[in-house]
Amino acid sequence: MSLLQISEPGESPEPHQRRLAVGIDLGTTHSLVATVRSSSAEALPDSRGRVLLPSVVRYLPDGAIHVGEDAKDRAGDDPANTIVSVKRFMGRGVADVAKFGALPYRFVDAPGMVGIETAAGLRSPVQVSAEILRTLRERAEQTLGGEIFGAVVTVPAYFDDSQRQATKDAAKLAGLNVLRLLNEPTAAAIAYGLDNASQGTFAIFDLGGGTFDLSILKLTRGVFEVLSTSGDSALGGDDFDQAIAVHWRVHHGLADASGKDTRRLLVAARQVKEALSTQEEAGADVTLSWGQQMHLKLSRAEFEQITAALVHKTLGPTRKALRDAGLKAADVDGVVLVGGATRMPHLQRAVKSHFGREPLKDLDPDQVVAIGAAIQANALAGNRSADDDWLLLDVTPLSLGLETMGGLVERVIPRNSTIPVARAQEFTTFKDGQSAMAIHVVQGERELVSDCRSLARFELRGIPPMVAGAARIAVTFQVDADGLLSVSAQEKTTGVLASVVVKPSYGLTDDEVARMLREGFDHAQADRDARLLAEQRVEAAAMLAALKAALAADGDLLSAEERESLEARSASLERAARGTDPRAVKSAVEAVNRASESFAARRMDRTIARALSGRHIGEVPTS
Amino acid sequence: MNPEFTRNHFELLGLPVAFALELEALERSYLDLQSRVHPDRFASAGETERRVAMQWATRANEAYRTLRNPLDRARYLLGLKGFDTGEESNTAMPPDFLMQQMEWREAVAAGRAVHDAAALEAVRGELAAARREMQALLARALGGERNYDAGCSLVRKLRFLDRLEEEIDDALEAAGEGRP
């Protein structure tokens, strides 16, 4: 992969000064963290050598929080306070979680996203996920011996805007600088593609604990281009466990088993499911809450029969992704299996028969996503070397639109648009003298607003009185490289402007995230200040280094006064960073940012002009 | 600070302003540009640089998306020449074209009613053949002939085919999901 050998303005100016960057796979059943060390990516184990951290968080009445194996071991005794598979609740309302079947939690209806009542009080899925991420951050910092510069956190490709935003909030809450949200199948493709120097069209079939993604990618000369993605953000290995548990309930007359029993049955179901990947028959011992001991059994044939419908559910999204990419199953050069649930033999058979080829599974399906994320994190942190250059082009999984008259959806950005993408749509008033317009942003493929997910509502006010149809209101959607949407609306004849970053309806504002952060650190005020200062210093150092490199490369774009003013601001930033006030460092960083705005724009113009003057990739001297 | 928008899509990608283009050259130019401006190149840079990068990458994606699709490319090129394709306002079509449309639509409705994916795929195939034919005519109209009025009319027809194809895709999806 040595095609795009150009030193980019945003990359690390000092190659030997590596920044610690990690990739985190925040999974439904388990999570893990990986990093690139001495040019190869590896997952980081905990102090006892375990790489996979069960995504289980237990809240105790005394305020203690257990994460991982300790929490998982007690899930059967204390199900209501032990949150398992929290990823399924991210950005989801009460009506959504009801679809997951019997769960032992005390859900609380909160606007947009459920809350869970625990022994430690009401917790949002964002906070629960943040505990998992914090545990992994600490593991990485202990192993790598320093502050983490930034992280790439993976999300299912089919996650909608609310679920993505919730994940990013959780990472912020865990004290992580999120370099990018990366789609899980895309992460797997990076790990796989760079490992095998693959070329061609690949399907990534990713069935995790709670989500299913199918992405089609084209790999050419160092470019990973996602052609289409599809999936089901509520289908995963957990559903197979549920199917087994339901089967046992029906066949052993356990219909009124309690919350504890629900969890115990699910734990047993999971063991049996995993065993059935290599055995023809498996069983597990369960002690029920009324003291009864049972040995529950299942044969592979029974398992395959009761879960055939679940396997079949993966085929619809698979066909849709192929159709969106304009391909047939036979056009695919390789199918990569990702996610622990792809170990099930009947699932592998279904994939093989659909694509007419043996799927690839030479990378550990549990680790490949984190490995890919670590490789991307390493590149984004500016650590990449000249011979390790590649480009990633991803897409938005679901169409974005607006509600129009009659509850219909007007599509603004179609699914599978390469991101970042922006699109504007014009609307007009329907009443004489109408002074405000309600804007309702939705995501999904269906024509009726009620069948799509509502992302945000806001109002454009102050439209001057005009006859119906005279106003020209342009609504602009921008999806950034994380796949997150922001929307702005402007009345064009007057310039009245309204804009929102689409905060999901659960409405965690930046202030609320900051408040949660504060609460988390309340008992450790000094820690918090030290952490803030350390973060700001990292930011300052990165900015100063980038600016220095920019001045060296393109200083001629500035007049003497402009250069002087920039240098003065960067000198005060250096001074502030030597001090101990995080707020002073922050405002100095912002000052340098503002002062360098037009410089950054001019440098980019020069980059483009150079590209257009006929110098092509590979001809630009590396520096 | 917006990226300067004075260059049109062709110029941005360093290509001649013409309907005929080599898809490979287009893709090469696009990837070359994107590899310079993509936000991933600036992930650890300052906020300003990150924003400028996002605007440029957005612009590059828009140019590539428009030029890659023959219908979008034709419409865009006609716009540059000062011709409005009038797809919303001008819906007059020759009778034989309308007849063909009606036949296809009936076939799609029938296929949809009984979830017949094979029948739907068959219509899709016929549609693809008709499209190739029209695209060849369009290339002539916008190329050597410089007959931009004919170009506008072909764009309108192709738009009809696109809409029909969307309906087929939706019907195929519905068939897959078992919904009406």
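Biologist: What share of the 623 residues in chain A is buried?
Modeller: Buried residues account for 48% of chain A. Please keep in mind that this is a predicted model.

Biologist: How many helices and strands does chain A have?
Modeller: Chain A contains 17 helices and 27 strands. Of its contacts with a separation of 6 or more, 70% join residues 24 or more positions apart.

Biologist: Then what are the scores of the model?
Modeller: The ipTM is 0.86 and the pTM is 0.83. Chain A has an average pLDDT of 85, with 89% of the residues scoring at least 70. For chain B the mean pLDDT is 88, and 95% of the residues reach 70 or more.

Biologist: Into which domains is chain A divided?
Modeller: The assignment gives domain 1 (21-235 + 316-393), domain 2 (237-310), domain 3 (400-505) and domain 4 (531-612). Between the C-alpha centres of domain 1 and domain 2 of chain A there are 26 Å.

Biologist: How many residues of those two domains are in contact?
Modeller: In chain A, 22 residues of domain 1 are in contact with 13 residues of domain 2. The domain 1 side of that contact consists of 10 nonpolar, 10 polar and two charged residues.

Biologist: Staying with chain A, at what angle do α5(A) and α12(A) cross?
Modeller: Helix α5 (residues 184-196) and helix α12 (residues 368-380) of chain A cross at roughly 80°, and their axes come within 7 Å. The two helices, α5(A) and α12(A), are therefore roughly perpendicular to each other.

Biologist: Which residues meet there?
Modeller: From α5(A), the residues are A:E184, A:A187, A:A188, A:A189, A:I190, A:A191, A:Y192 and A:L194; they meet A:V368, A:V369, A:I371, A:G372, A:A373, A:I375 and A:Q376 of α12(A). By class, this contact of α5(A) with α12(A) has 12 nonpolar, two polar and one charged residues.

Biologist: Let us turn to the other chain. How many residues of chain B are in contact with chain A?
Modeller: On the chain B side there are 34 residues, in contact with 39 residues of chain A. The helices α2 (23-37), α3 (47-68) and α7 (148-177) of chain B each contribute at least two residues to the chain B side.

Biologist: Which of them gives the most?
Modeller: That is α3(B), with nine residues. Overall, the side of chain B that touches chain A comprises 14 nonpolar, 10 polar and 10 charged residues.

Biologist: How do α2(B) and α3(B) pack?
Modeller: Their axes are 9 Å apart, at an angle of about 170°. Helices α2(B) and α3(B) are therefore roughly antiparallel to each other. The contact involves B:L26, B:Y30, B:L33, B:Q34 and B:V37 of α2(B), together with residues of α3(B) including B:W56, B:Y64 and B:R68. The residues in the contact of α2(B) with α3(B) are 10 nonpolar, one polar and one charged.

Biologist: And B:L172, is that buried or exposed?
Modeller: B:L172 counts as buried because 22 C-beta neighbours lie inside 10 Å. B:L172 lies in helix α7 of chain B. Beyond its neighbours within four places in sequence, B:L172 contacts A:R323, B:A117 and B:L120. B:L172 and B:E121 are 51 residues apart in sequence, yet 8.2 Å apart in space, C-alpha to C-alpha.

Biologist: Which elements of chain B have the lowest and the highest mean pLDDT?
Modeller: The lowest is α7(B), at 86, and the highest is helix α4 (residues 70-80) of chain B, at 94. Helix α4(B) is mostly covered, with eight of its 11 residues buried. Among those buried are B:P70, B:L71, B:R73 and B:Y76. Just after α4(B), B:G82 has a positive phi of about 90°.

Biologist: Finally, how far apart are the domain centres of chain B?
Modeller: Chain B is divided into domain 1 (9-68) and domain 2 (95-177), and the C-alpha centres of these domains of chain B lie 30 Å apart.

Definitions and conventions. Residues are numbered from 1 along each chain as its sequence is written. Chains are lettered from A and ligands numbered from 1 in the order in which they are written. This is a predicted model: local features need pLDDT of at least 70, side-chain atom pairs count only at pLDDT 80 or more; totals for chains, interfaces and linings use all residues. Helices (H or I, at least four residues) and strands (E, at least two) are DSSP runs, numbered from the N terminus. A residue is buried if 20 or more other C-beta atoms lie within 10 Å of its own, exposed if 12 or fewer, and partly exposed in between; C-beta atoms are placed from the backbone. Two residues are in contact if their C-beta atoms, placed from the backbone, lie within 7 Å. Ala, Val, Leu, Ile, Met, Phe, Trp, Tyr, Cys and Pro count as nonpolar, Asp, Glu, Lys and Arg as charged, and the others, Gly among them, as polar. pLDDT is the predictor's confidence in each residue, from 0 to 100. Domain bounds come from an automatic or database domain assignment. Axes are lines fitted to C-alpha atoms, for helices over the stretch in contact, and angles run from 0 to 180 degrees between N-to-C directions. Angles under 35 degrees count as roughly parallel, over 145 as roughly antiparallel, 65 to 115 as roughly perpendicular and the rest as oblique.
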